[in-house]
Amino acid sequence: LMGVRLEVTGGDPIKFDERAIINAEFSSLSPHDSNARATDYGMELKIWGKMLFSLGGQESDSTLNVSKWSRLPSEDALCYRSAKLDVIAAGNVVRQFELPHAFVMDYTEELDDETGVGTFYLHMKQKKDQTRQVKLEGGFAGE
């Protein structure tokens with residue numbers, strides 16, 4: 001069984017663990033009209049999850065904090081944050097993606113009154129001129 005955790009630092013706390021994250025996708029993108037290795041390739045993370053509302057508990061509401069982050073204009077330095085995604089298998093971090101200058105491309109929440117379940121989708125990209133700063137690690141022993 002595999003689990004995924006996301007932590008975004010550099011502003012209001014944003015932290016999702018295996019209970020919340022349903023699916024995650026990492027992409028390295030080159031322009032589709034490129035016939036050679038492009039210099040302007042991009043890196044992105046897409047996260048799908050369940051909304052676990054915090055009703056006055058210890059944890060802050062990470063989906064609310066993502067929503068606030070997604071509304072920040074480019075003039076605000078806090079629109080860029082550090083996002084770290086850990087993939088956990090058998091208690092070990094088997095893959096780690098870090099986008100140190102991530103910004104929100106797209107954020108949506110769907111709330112279903114019939115099932116009583118809310119879901120969210122977060123699409124983050126690394127700032128284009130900082131693409132080389134993206135870290136991809138794997139094969140960690142133990143946590």
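## Aromatic contacts in a predicted model

With a relative accessible area of 23%, F26 is partly exposed in this predicted model. F97, at 10% relative accessibility, counts as buried. The structure holds five aromatic pairs, and one of them is formed by F26 and F97, whose rings are stacked with 4.6 Å from centre to centre and 15° between the planes. Because F26 belongs to strand β3 (residues 21-29) and F97 to strand β6 (residues 92-112), this pair ties together parts that are 71 residues apart in sequence.

Another aromatic pair, that of W48 and Y121, is tilted, with 5.1 Å centre to centre and 40° between the planes. This pair links distant parts of the chain, since W48 is found in strand β4 (residues 42-50) and Y121 in strand β7 (residues 117-126), 73 residues apart. W48 counts as partly exposed at 28% relative accessibility, whereas Y121, at 15%, counts as buried.

The two pairs are set out below.

| Pair | Arrangement | Centre to centre | Angle between planes |
|---|---|---|---|
| F26 and F97 | stacked | 4.6 Å | 15° |
| W48 and Y121 | tilted | 5.1 Å | 40° |

Technical notes:
Residues are numbered from 1 along each chain as its sequence is written. This is a predicted model: local features need pLDDT of at least 70, side-chain atom pairs count only at pLDDT 80 or more; totals for chains, interfaces and linings use all residues. Side-chain values use heavy atoms; hydrogens and water are left out. Rings of Phe, Tyr and Trp (its six-membered ring) pair if their centres lie within 6.5 Å; planes under 30 degrees apart count as stacked, over 60 as edge-to-face and the rest as tilted. Helices (H or I, at least four residues) and strands (E, at least two) are DSSP runs, numbered from the N terminus. Buried means under 20% relative accessible area, exposed over 50%, partly exposed in between (1.4 Å probe, protein chains only).
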